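Please look over the model below before reading the points.

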Amino acid sequence: MASDDAIRATNDEASMCKRFAVQQGYWNDPYIKYFIRSSDRKPPDINRGYFARVKGVHCLLNQFLQATKCKCQVVSLGAGYDTTYWNLQESNMQPERYIEMDFENVTSHKCHFIKSRKPLLEKIATKDGEIRFSKTDLHADNYHIVAVDLRNLIEVETKLKESGFDNDIPTIFIAECVLVYMESEKSNAIIKWIADNVKTAYFVNYEQVNMGDRFGHVMLDNLRSRQCGLPGTDVCQTIDTQQNRFTSQGWTSAEAWDMNTVYSNLPQKEIQRIEKLEFLDERESFEQLLHHYCLCWAYIDGAGVGLENISV
Ligand code: SAM
């Protein structure tokens, strides 16, 4: 179980990096401070990398919400302390149902923060003011946090049902640095379950890629030393394997870009703004870093809402 504890701890690291980047002005997130009070300084390449990650994922999510006119569900796999649920309210783009899943050790902390911090609690929509909390789970009208081990599909199905998940409503699944911590057999099982059970689905996956070179080996060794084994990455070493993991499990189409490509396709005005925030002396090492992460998106468009048009 030591490795599971290390996996849960990756949420602290991601949240702290996001907190610091927000503090530096890379993007706006008025809610992250309620989960992470403060963070140590992070280097500019890490901040820019997180900017590209958050903007890339949100760019796909926003297009999905527009395509479905918000008549949809969002399922965030391994959500950690993600604040998207609250930030979507700021932009008046709320889906009908927002479900977050993570290990109970993470969800229990998140539930505690929500219960005890009014700015978080008061934004959770309820008709009758009732929010059902257990130590690890939260159920409100359109927001659900559930404790689950994503490697256990029966548990995942049960928790989705408890959250009112509707297989017929267009649903976007988001996994931001999550599948990489699971054996490929287990991540494939979730990917296949969605393809078999959800009529209209979109998947956004962000994680490490191109691990075959020297830089990649250093990253892998680093992750392995912390996780006591990182089984998932063996199948997803290239952009092609990232795409194939979806198309081989029944998805209509999938596309993956390394983060250099994503970065250069983000709105140029935004890029110019953030590149002025901090001086980056080693452009080459930043590009190396981006080369080792990717954004992959896949869809099955049973309802014909135009999911094939959504890309960065
Ligand atoms: N997605 C969040 C973000 O980007 O800020 C958190 C990312 S963090 C690197 C990975 C998250 O996935 C952690 O919160 C971890 O607990 C969760 N996770 C990894 N494997 C999981 C599993 N088998 N079941 C549930 N949660 C898992």
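**Notes on the model**

1. Thr10, Asn11, Gly78, Gly80 and Glu176 come nearest to the ligand among the 21 residues around it (near: C-beta atom, placed from the backbone, within 6 Å). This is a predicted model: local features need pLDDT of at least 70 and side-chain atom pairs count only at pLDDT 80 or more, while totals for chains, interfaces and linings use all residues. Residues are numbered from 1 along each chain as its sequence is written.

2. Helix α1 (residues 2-24) supplies the largest share of the shell around the ligand, 6 residues (helices are DSSP runs of H or I, at least four residues; strands are runs of E, at least two; both are numbered from the N terminus). By class, the shell has 10 nonpolar, 5 polar and 6 charged residues (Ala, Val, Leu, Ile, Met, Phe, Trp, Tyr, Cys and Pro count as nonpolar; Asp, Glu, Lys and Arg as charged; the others, Gly among them, as polar).

3. An open sheet of 9 strands runs in the order β3-β4-β5-β2-β1-β6-β7-β9-β8, with mixed pairing (two strands pair if DSSP finds at least two bridges between them). β3 (132-133) and β8 (253-258) are at the edges with a single partner strand each, so one side of each has no neighbour in the sheet.

4. Within this sheet, β1 (residues 73-77) pairs with β2 (residues 97-102) in the parallel sense over 5 bridges. Serine 76 is opposite glutamate 100 in β2.
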